[in-house]
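Here is a quick walk through a two-chain model, written for someone who likes cut-offs spelled out. Have the viewer open while you read.

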Amino acid sequence: MQTSEQTSRRNFIKIAAAAGGGLFLGFNWLNSSALPVVVDAKKVAAGSVNFNSYLSIGTDNVITIISPNPEIGQGIKTAFPMVVAEELDADWKQVKTVQGNLDTGIYERQVTGGSGAVPHSWERLRKAGATARYLLVEAAAAQWNVPASECTTENGKVWHRTSGKSLSYGELAEAASKMPAPTEVKLKKESDFKLIGQSVRNVDNNNIATGKPLFGLDVYREGMLFAMIQRPKAFGLKLKSVNSEAAKAMPGIVDVVTFENSVAVVGKSTWQVKKAKDALKIEYEKAAELESSADHNRIFQQLMENGEATVRRKNGDVDTAFKNAAKVIKSEYQCPFLPHSPLEPMNFFAHVREDGVELIGPTQTPERARTEVAKLTGIAPEKITVEITRQGGGFGRRLAADFVLEAANVSKLVKAPVKVIWTREDDMTGGIYRPAVRYRFEAALDKSGELIGYKLRGVGMNSGNSTREDNFPSGSVENLLIDSVEYKSPITTGPWRAPITNFLAYAEQSFLDEVAEAAGKDPVEFRLALLEKAKKSPVGDIKYDVDRMIDVIKLAAEKSKWGKKKGVYQGFSVYFSHRSYVAQVGEVVMEKGKPVLKNVIAAVDCGIVINKSGSLQQVRGGVVDGLGHAMYGNMTFKDGAPDQRNFNGFRLIRMNDIPEVDVHFVDNGISPTGLGEPALPPAGGAVANAFYKATKQRLRNQPFINEEAFKGIS
Amino acid sequence: MAAYNLSVNGKKVKVDVEPDMPLLWVVRDFAGLKGTKFGCGMALCGACTVHVNGQPARSCQTPVSSIGKNDKITTIEGIGDGKLSIIQKAWIEEQVPQCGYCQSGQIMSAVALLKSNASPTDADIDSAMSGNLCRCGTYDRIRKAIHRAAAEMKVSEAGIGKM
């Protein structure tokens, strides 16, 4: 039975020891060219050797693989161990996966973000499995006194086929751990993969379906207190005074403490602290501008015309190109702020003691959590442990450590183990949003409809650079200027699934549709022609793989029978982000005079697909997420306070809203890249372009539902 | 504060809490059953769905005082008689969960749907399940899992009772 669990490293060592020893491999996560180091099992069991990461084979044949990266639903806790097990030729049924805790001595990049875990770890995971396999074969060959080259491996056993002998990995583990480590190992050919590419179940499925306590919110420790925090109700306010008398007198309340601009109510149960929090009487004063969405719209207009722009990319001479143009197309696109809305609200456990800190909870960046808590408490990082729980979504929100710091602050003040829990309202109004942004695109066409000039200006809020200047169509246009203007808002912002590109891709791909139409060209042909140009005579640096982009476009066109379906209005979109290439076709049909989105066809190049099941769902989920937020996602502000506070004001996509999503992967044998993000950016454009085909109305602002073209439709 | 004698998953649970405490927090903080999730606190997301006498209820909006003496509460931990139920098996077979946080509530809503409609169409499923949010977008597999469970129930001698 395939099993998985959350465990602390200490527990893991205990489990390993209880299993009676076996082969332990510390595999080097720090350097993918280095081979794993074999370590004496007894030393591991005693916990006295400082390793990188562990693959252990027990004498009972249980193979334990630790997955060090936070699991937020992207499937890493299944995919990582699959890669190790593949090269090991393990029997997947005997693999037990364990969530690793933060350990910077062992792991590198223990982060969930940027769709980067798989590309970062692919080679080192394979080498870990292959090295163990090598040692097991050597041990068997020595025991049978036959050449290792005559031995094969399959399903957790080493075989000597000519003599018919076999030994299980568990039987060989001890002896294998004493064999000299290889200086290099051979990795499998892609065509020999047995596990990689299969549909493997998420290793926590049984625990999820039976309601086991896996998540941060489920963490409970003896003597733990619950805390809820009142933060300023608007961005730009600071704390002036607190009257906590009524709150303190309520049942179950232990204390009310204040730090920075936060007031924390601490007590014995969640509901009691929630009620007491509502009874706080707090006065605030103004510390910065209290911005409203109307201010943002005005700021966007002003900065678009008169802002001080930073040039991001410049090729050729745009002024001359636009002067000589036969046709100029100009459009602006805008999106609002968005909360991340993971279904598990922010929460974290902290126990700050004099001699150390215990942190447990859902974080995408355990190392940042530790660093910031070390700074706050003055306690050295080596005395701070971070246990990573399964996480009810992240979408970038748990890259911040604000909620970890809150837990540490409260625990420090009340000198007890504390879990901070955010309500949905706290989660939605507590800040760190996808910022609003506005783009202006301009294109110059010559008489024959060739794109001779292209301009993009992004006006961003707290985004650094709201453009991705080297993305397509850069490299295919002779004269190009991409610049950006920044505005600093007191509303806090941060990365949101596919940062920047989650809206930029839609705006760009919608604009290219406008340009193709003005040029009198088919949108797919138009993009392919540009890419052919980029291939033959590239303009400046090209940071995407032109051929891979062409391939996904062709695959999406083929699978969707582009332009050949009667009564179906198709829209095209293609985007390269987070190292993967995704093309999508949205399909709209008219039903009773209204446009209905029926299908999205996605062609995806993420290199080798590790887990077919997980990958399909990352793409489907990415499309649904991209579509849902393009359609409904809207966060507005009045005097610095968000207008939306829960899922009644803020609409998320529901089951009855979703189209069919048909996914096709490119099979090219290239090393895998991430999938947590890349399927999201193209979704809005594919749908908006299909909507245009059906209605002749362009959707230039998100959410679509607020657009004039949508009135009376949804 | 008041004392309540509850029946949760067939077991007696005695709690001394405020009458307005939602069943969600009674179950999580006092009965120690963490499978029922907190998502919104306003019956908007369905993550907290439990059954009261077999009927689905949003436990975040169900004050403990509204639970009668003879009412039977069932949570995700209580379906399946200690074994995997047909619907849980279907969830696993169809590989539904991504992050998994909403799935307890989804399963509880699906069980209630199948009890009232043993052969739901896609439209029936959409209508019964659209109160349950899934932020990862697993909706298509939820639909498939419900269809699979419905088919399994028909061939299973155990039928609905073991669901």
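Predicted model: local features only at pLDDT ≥ 70, side-chain atom pairs only at ≥ 80, totals over all residues.

## Chain B on its own

Among contacts in chain B between residues at least 6 apart in sequence, 60% join residues at least 24 apart; two residues are in contact if their C-beta atoms, placed from the backbone, lie within 7 Å. As for bookkeeping, residues are numbered from 1 along each chain as its sequence is written, while chains are lettered from A and ligands numbered from 1 in the order in which they are written.

Chain B has 5 helices and 5 strands, and from the N terminus on they run β-β-α-β-β-β-α-α-α-α. Helices (H or I, at least four residues) and strands (E, at least two) are DSSP runs, numbered from the N terminus. The C-alpha trace of chain B spans about 45 × 35 × 25 Å along its principal axes. A compact globule of 163 residues would have a radius of gyration near 15 Å, and chain B agrees with its 15 Å; that radius is taken over C-alpha atoms, and the globule rule is 2.2 Å times the number of residues to the power 0.38. Buried residues account for 58% of the 163 in chain B, where buried means 20 or more other C-beta atoms within 10 Å of a residue's own, exposed means 12 or fewer, and partly exposed is in between, with C-beta atoms placed from the backbone.

## Where the chains meet

On the chain B side, 43 residues are in contact with 44 residues of chain A. The elements giving two or more residues to that side are helices H1 (23-30), H2 (86-93), H3 (103-116), H4 (122-129) and H5 (139-155) of chain B. By class, the chain B side has 23 nonpolar, 13 polar and 7 charged residues. Here Ala, Val, Leu, Ile, Met, Phe, Trp, Tyr, Cys and Pro count as nonpolar, Asp, Glu, Lys and Arg as charged, and the others, Gly among them, as polar.

## The 5-strand sheet of chain A

Chain A has an open sheet of 5 strands in the order E15-E23-E22-E21-E16, with mixed pairing; strands pair if DSSP finds at least two bridges between them. Strands E15 (310-315) and E16 (327-335) of chain A are the edges, each pairing on one side only. Neighbouring strands here are turned by 10° against each other on average, direction ignored. Axes are lines fitted to C-alpha atoms, for helices over the stretch in contact, and angles run from 0 to 180 degrees between N-to-C directions.

E16(A) and strand E21 (residues 437-445) of chain A run antiparallel, joined by 9 bridges, and A:Glu332 has A:Arg440 in E21(A) as its bridge partner. Helix H14 (residues 501-518) of chain A packs on the sheet, touching E16, E21 and E22 of chain A, and its direction makes about 155° with that of E16(A). Helix H9 (residues 293-306) of chain A lies across E16, E21, E22 (451-461) and E23 (479-487) of chain A, running at about 135° to E22(A).

## The 7-strand sheet of chain A

Another open sheet has 7 strands in the order E12-E13-E10-E20-E17-E18-E19 (chain A), again with mixed pairing. Strands E12 (253-259) and E19 (384-388) of chain A stand at the edges with a single partner strand each, so one side of each has no neighbour in the sheet. The twist averages 20° from one strand to the next.

Strand E10 (residues 225-230) and strand E20 (residues 418-421) of chain A run parallel, joined by 3 bridges; A:Phe226 has A:Lys419 as its bridge partner in E20(A).

Which bond joins A:Phe472 and A:Pro473? A cis peptide bond, with omega about 10°; A:Pro473 is in the loop between E22 and E23 of chain A.

A:Ile500 has a positive phi, near 65°, despite not being glycine. This residue is in the loop between E23 and H14 of chain A, and A:Ile500 is buried, with 23 other C-beta atoms within 10 Å. A:Lys696 also has a positive phi, near 60°, but A:Lys696 is exposed, with 8 other C-beta atoms within 10 Å.
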